Amino acid sequence: MPAQAPEQAAAPAHPFQRPIPVSGDYGRDGVVALHGVVDPARLVLLRERAVAMFDLFDSLTESQLAALEASDYRFHGALPYRRIDAGFDILNGLHPGLVPLVTTMLGSEKAALRNCIVRRMQPQRTETRASFHQDLQFLWPHDLPMATVWIPLDPLDGSRPGLQLLPRRLTALAGPSRTQRQKADPAFTDYEEGGPGEAFDRPIALDEAAVAALAPGVELWEPRLARGDILVFDGLTVHRSALRPDMAHARISVELRFSVPPPGLDAAWPEAKA
């Protein structure tokens with residue numbers, strides 16, 4: 001099994017700006033950008049760990065990936081976040097007001113971390129892009145309040161893949177959940193091989209025409225972010241990869257998913273799973 005990255009010495013506290021600078025209206029749009037809320041020095045260290053781990057997984061055979069329960073890695077370029085930060089030290093590098101703010105957005109007094117990942121998106125591998133989807137399509141219960149804290153480890157200036165989001169707060173899934181699809185067809189899988197450049201996630205993707213009908217006249221938002229800036233978006237917010245083959249650099253990002261603790265599960269750190 002691949003070795004975890006070596007532990008890093010504790011970093012000094014970062015002098016965050018107070019209050020948190022916010023762009024957008026979460027209640028209306030289901031997404032906001034928060035500026036300067038993650039210690040950039042920690043992100044540089046995390047990026048180094050992530051690159052080493054991705055390079056290692058890229059060298060593995062399909063049978064080796066299967067033995068590590070990572071067969072889908074070649075489809076989406078994502079790994080469980082704990083592989084680069086087993087103790088979730090990133091939480092110590094967040095603005096002290098961030099977790100309370102996200103918990104308030106959930107309308108809860110406490111939150112659990114679920115399904116946290118680190119992902120590398122490479123412009124030349126357009127088939128690994130994420131098509132239109134909502135994060136709650138994949139997490140049961142599908143109606144549980146959830147917010148994704150999306151942390152790019154690289155600045156997003158247009159030279160790297162980012163995100164395109166539909167800035168409109170929704171109240172329900174826009175298409176069938178993974179659970180519904182699997183009940184209808186036990187052979188259903190999230191990913192399938194296709195032609196050159198065709199997205200692997202076509203089976204679970206939301207139809208583009210249906211997405212356009214959700215908020216007529218509302219344009220997709222592709223934010224530019226400095227290192228230390230993040231996005232927070234609702235579990236029902238429709239989004240996809242902003243990936244173009246002419247982009248010059250890969251992007252590495254961390255996705256921390258905060259949810260109201262599922263029934264019977266208390267909030268726990270570093271990560272609680274249903």
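The model is predicted, with local features requiring pLDDT of at least 70 and side-chain atom pairs counted only at pLDDT 80 or more, while totals for chains, interfaces and linings use all residues. Residues are numbered from 1 along each chain as its sequence is written, and side-chain values use heavy atoms, with hydrogens and water left out.

Rings of Phe, Tyr and Trp (its six-membered ring) are paired if their centres lie within 6.5 Å, and the planes count as stacked under 30 degrees apart, edge-to-face over 60 and tilted for the rest. In one of them, F54 and Y73 are stacked, at 6.3 Å centre to centre and 15° between the planes. Because F54 lies in helix 2 (residues 40-58) and Y73 in helix 4 (residues 73-76), the pair ties together parts that are 19 residues apart in sequence; helices (H or I, at least four residues) and strands (E, at least two) are DSSP runs, numbered from the N terminus. Both F54 and Y73 are buried, where buried means under 20% relative accessible area, exposed over 50% and partly exposed in between (1.4 Å probe, protein chains only). Ring pairs also link F54, F57 and Y73 into a cluster.

F75 and F200 form an edge-to-face pair, with 4.9 Å centre to centre and 70° between the planes. F75 lies in helix 4 and F200 in the loop between helix 6 (178-184) and helix 7 (208-214), so this pair ties together parts that are 125 residues apart in sequence. F75 counts as buried at 9% relative accessibility, and F200 is buried at 8%.

Leaving aside neighbours within four places in sequence, S259 is in contact (heavy atoms within 4.5 Å) with L106, A111, A112, R114, L144, P145 and M146. P263, in the segment after strand 9 (251-259), counts as exposed at 75% relative accessibility. The C-alpha atoms of P263 and L144 are 9.9 Å apart in space, although the two residues are 119 apart in sequence.
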